[in-house]
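Colleague: Please walk me through helix packing and aromatic pairs in this model.

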Amino acid sequence: MTPGEVQRAEEEVLNRARNGDREAFGDLVERYQDTVYTLAVRLVGPDLAADVAQEALLRAWRALPRFRGEAAFGTWLHRITVNTAWTLRKRARRHAADSLEGDLEDRGLRPERAGELAELRAGLGRALSALTPGQRAVVVLRDVYGWSNAETARELGITEVTAKVRLHRARLRLRTLLEGSR
Amino acid sequence: MRGPRCFLAAVFPGEGPASLARHRACCLHCQAAAARKRSLRRALSGLADEVLVAPPGLQLRVLSRLGDQDAADPRRPLVVRAAARYAAAAGLALATGLAFAAGLARRQPRALG
């Protein structure tokens, strides 16, 4: 299948799901559940991530008739995941003692990750888990997923200046944590 | 962080007045911080390639809980929260302004008397 054909096939599945076809939505869930779950783990940690992913996918289903295709479906789904994670942040705080590192190091990673790279990523995982939820969200969206400041601020319900200041503080803290762990 | 200019240069990279750009160009501290930031960003962007496998059964759980589609805005709770925050800030500013105006109004008759 060419990339164009893949895109057309996905659009067709999306259209069916938008019109209430549950089987088509099942195909979309199968395709996107790992990326949604990964983002959730990075935002709220492993304990709450499955709940966030589930709630985000359910919200996506309810909201699908609103989806106009202005952004890619994956991007739209990520925005819903961020919002859901933020909504459940209070629950995430109760789980603050749980570290993200286990998931970023071990659970479900592709097998070819090894050695130095794995060590660096494990260190990053530990450092990310030490940030406040607000700092972690900004740094994950900006530096891991490459969102713009404007998008990040909009999705987190904060101003762009707050997002920039928070990002700056998060990076400083990350650097300190990473240098301290060496 | 050496001073306010270094802070501003770090928080608003590539933005700000010409004086800030000049500061960036000649401050060794800012240049070193920018290099460290680039390296950190490179490392973090590498995490984007990693995809964790969703827990088994997630898809089934989602599909078993599908209700009706109602085209509800999935961002609504956050939008409502942000609106509430702005409304609270506006209310506080209004209350402060009114208290200030009332204080001034009370002071003026005394000054005249």
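Modeller: This is a predicted model, and the questions below take up its helices and its rings.

Colleague: How are helices H2(B) and H3(B) oriented to each other: parallel, antiparallel, perpendicular or oblique?

Modeller: The axes of H2 (residues 18-26) and H3 (residues 28-46) of chain B come within 5 Å. They cross at roughly 80°. Angles of 65 to 115 degrees count as roughly perpendicular. H2(B) and H3(B) are therefore roughly perpendicular.

Colleague: How do the residues of the contact of H2(B) with H3(B) divide into nonpolar, polar and charged?

Modeller: From H2(B) come His23(B), Arg24(B), Ala25(B) and Cys26(B). They meet Leu28(B), Cys30(B) and Gln31(B) of H3(B). The division is four nonpolar, two polar and one charged.

Colleague: Is the ring pair of Phe67(A) and Trp76(A) stacked, edge-to-face or tilted?

Modeller: Over all chains there are five aromatic pairs. In the pair of Phe67(A) and Trp76(A), the ring centres lie 4.9 Å apart. Planes under 30 degrees apart would be stacked, and over 60 edge-to-face. Theirs are at 45°, so the pair is tilted.

Colleague: About how many helical turns separate Phe73(A) and Trp76(A)?

Modeller: Phe73(A) and Trp76(A) also form a tilted pair, at 5.8 Å centre to centre and 35° between the planes. Both sit in helix H4 (residues 73-87) of chain A, three residues apart. That spacing is about one helical turn.

Colleague: Is Trp76(A) buried or exposed?

Modeller: Tyr32(A), Phe67(A), Phe73(A) and Trp76(A) form one aromatic cluster. Phe67(A) is buried at 4% relative accessible area, and Phe73(A) is buried at 4%. The cut-off is under 20%. Trp76(A) has 12%, so Trp76(A) is buried.

Notes
Residues are numbered from 1 along each chain as its sequence is written. Chains are lettered from A and ligands numbered from 1 in the order in which they are written. This is a predicted model: local features need pLDDT of at least 70, side-chain atom pairs count only at pLDDT 80 or more; totals for chains, interfaces and linings use all residues. Side-chain values use heavy atoms; hydrogens and water are left out. Axes are lines fitted to C-alpha atoms, for helices over the stretch in contact, and angles run from 0 to 180 degrees between N-to-C directions. Helices (H or I, at least four residues) and strands (E, at least two) are DSSP runs, numbered from the N terminus. Angles under 35 degrees count as roughly parallel, over 145 as roughly antiparallel, 65 to 115 as roughly perpendicular and the rest as oblique. Contact means heavy atoms within 4.5 Å. Ala, Val, Leu, Ile, Met, Phe, Trp, Tyr, Cys and Pro count as nonpolar, Asp, Glu, Lys and Arg as charged, and the others, Gly among them, as polar. Rings of Phe, Tyr and Trp (its six-membered ring) pair if their centres lie within 6.5 Å; planes under 30 degrees apart count as stacked, over 60 as edge-to-face and the rest as tilted. Buried means under 20% relative accessible area, exposed over 50%, partly exposed in between (1.4 Å probe, protein chains only).
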